[in-house]
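Let's take a friendly walk through a protein chain together. Please look over the sequence and the 3D view below before reading on.

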Amino acid sequence: MNRRTFNESLVEWTGLPGPEREALLSLALSEGAKFPQTLIARGILSPESLRRAYAEVCGIPGFRQDAATGNAVPPDLLPLAFLRARSLFPVSVGDGTLTVAMADPLDIDAREAVAKVTGRKVVVLAGTEDEIREAIERGYGEGSSSMERLVEQVSEEGEDLPTGGEERVEQLIGVASEAPIIRLVNLLVARAIERGASDIHIEPFEKSLQVRYRVDGVLIDAESPPKRLQTAIVSRIKIMSRLNIAENRLPQDGRVKLRIGGKEIDFRIATIPTLHGESVVIRILDPSSVPQGLAGLGFSREILSRFRPMIGAPYGMVLVTGPTGSGKTTTLSAALQEIKGVDKKVITIEDPVEYQIPGIVQIQVKPQIGLTFASGLRSIVRQDPDVILVGEIRDRETAEIAIHSALTGHVVLSTLHTNDAAGAVTRLLEMGVEEYLLPSSLVGVLAQRLVRTLCGDCAVPREISPAFREEVARETGFVPEGNLRIGKGCAACGGTGYRGRTGIFELLAVTEAVKDLVLSRADANAIRSRAVAEGMLPLREDGWDKVRRGETTVEEVLRVTRAG
């Protein structure tokens, strides 16, 4: 049974009344593989009832936990990272067959990948994600033995640490300084770096402690320590980053530099109190990832040929827009690498300083002592700079100082949180900037997103069914064609089918026609339409171009541009 038919049957299987059923049928068609989890998230189905639905609707037997006892399957038959990424557990090996339990038994790509790697016919069972995750951890000791050994070595003192706010500082420091806890935190960090993660999330819940890594912009589950070690782990991280170990009622921010794998890596730590303890996010800032120029960021030749003259102009303001995590800082850092030189003084004010660039004066904002974007920018102008980078324009005061700087002979680069390039103009007007200032100061606006690129080791040509082609064309106007590929999932990409990211862009040049629209306070739609008529390639169109070239997938472009 294909996924679309199953989703439609699943709606009927829930037995909901007519109006609710019709609404879900529409959702079933648009969400595809995500639809069953949507029903669980909404409380319409439980994980166990979904497993029964696979049995009754598709004839796929359910996975029984006792079937996973022992390890009848060779431990090296399939990569552990692949099993975790696809929620798949090998149950038993037969004569030319391999029985696997899957949280999504209709994942044809995963089944084909297993069959290809093992050379066996795959028999599928349906299980819940929790059951399969538990079976993996129990059946594959190799993947978790190092953490298990460290957990076993933690002293009884660590087990009895209270999770409230009455801990004695001496006790916290003592337990957090024990070798097993130190090695346990180092293991979490080392595994994140091995996976190429940008962030480590340590999240406390009532009965568990969850660790997740953000890899290529998407959070993935990682092996998590037991709840009883929560306070010791958080305390160890606080000691590393010189935070107040006794304060667990207020958010704290810190930094630490560690030498890992022969190179120094910066880590930015942020803690925040939650209902069940402190949540910690560790941002990994690898100096080797500092971009050396714009060429490697995914710009098309046409957009790059128009963007470089904008940032190389003698004066004027250039903005980069997009949501958090869309690569704005990376693009601006790459731009600075290209335009810096002995004949130019470049000063930045950022929050925080993520990339340290030789030859550039960089300032970290400190609101607690009055050093804000606005106050810092006012002082920067008196330092005789040629180029100024403002990390983000957040308010009218900062916007006006930046615009006046651009009008008085400086190149000003900055970011805004807007969905598209045209929206940046209206956002500045909404902040209170006078419309007559923008046409003379604003040179261009670059909007961007990051899409995951296909894994070079497992990407294969993709067969597009007529139904899928018609659905994509109807919803987006894009006809899937060209060198379309898809990632099967392998050890190199952790079973995801993707490895690395690239940018998709749209560049709005402030032409005379656009200036007239700004002066008349036209809305973003009018500005966007005018820019497209003058040759601006919309964000999603740049994404479709990368799909045609086999760099990414339709699903990735839709994922990052739905709000745009």
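Where does Arg-394 lie? Arg-394 sits in the loop between strand E13 (387-390) and helix H16 (396-407); helices (H or I, at least four residues) and strands (E, at least two) are DSSP runs, numbered from the N terminus. Before going further, note that this is a predicted model, in which local features need pLDDT of at least 70 and side-chain atom pairs count only at pLDDT 80 or more, while totals for chains, interfaces and linings use all residues. Residues are numbered from 1 along each chain as its sequence is written, and side-chain values use heavy atoms, with hydrogens and water left out.

Let's stay with Arg-394. This residue is partly exposed, with a relative accessible area of 43%; buried means under 20%, exposed over 50%, and partly exposed in between (1.4 Å probe, protein chains only). Not counting residues up to four places away in sequence, Arg-394 touches Asp-351, Phe-373 and Met-431, where contact means heavy atoms within 4.5 Å. Its side chain also takes part in polar contacts: one of 3.3 Å with the side chain of Asp-351, and one of 3.2 Å with the side chain of Glu-392. A polar contact is a pair of N or O atoms within 3.5 Å; within protein, one must be able to donate a hydrogen and the other to accept it, and residues adjacent in sequence count only if both atoms are side-chain atoms. Leu-416 is 22 residues from Arg-394 along the chain, yet their C-alpha atoms are separated by 7.5 Å.

Now step into H16. Asp-395 caps its N-terminal end, with a side-chain oxygen 3.3 Å from the backbone nitrogen of Glu-397. The 12 residues of H16 should span 16 Å at 1.5 Å a residue, and the end C-alpha atoms are 16 Å apart, which agrees; the expected span is 1.5 Å times one less than the number of residues. Which residues of H16 are buried? They are Thr-398, Ala-399, Ile-401, Ala-402, Ile-403, Ser-405 and Ala-406. An α-helix has 3.6 residues a turn, so residues three or four places apart point the same way. The cover over the buried residues of H16 includes strand E10 (316-321), helix H15 (373-380) and helix H17 (421-431). After H16 comes Gly-409, whose phi is positive, near 100°.

Next, look at a sheet. Six strands form an open sheet in the order E6-E5-E4-E9-E8-E7, with antiparallel pairing; two strands pair if DSSP finds at least two bridges between them. Strand E6 (218-221) and strand E7 (252-260) are the edges, each pairing on one side only. Within the sheet, strand E4 (residues 197-204) and strand E5 (residues 209-215) run antiparallel and are joined by 7 bridges. Ile-200 stands opposite Tyr-213 in E5.

Finally, how many disulfides does the structure hold? The number is 0, with a disulfide taken as a pair of cysteine sulfur atoms within 2.5 Å. Cys-458 is in no disulfide, and the nearest cysteine sulfur, that of Cys-490, is 3.7 Å away. Cys-458 counts as buried at 7% relative accessibility, and Cys-493 counts as buried at 6%.
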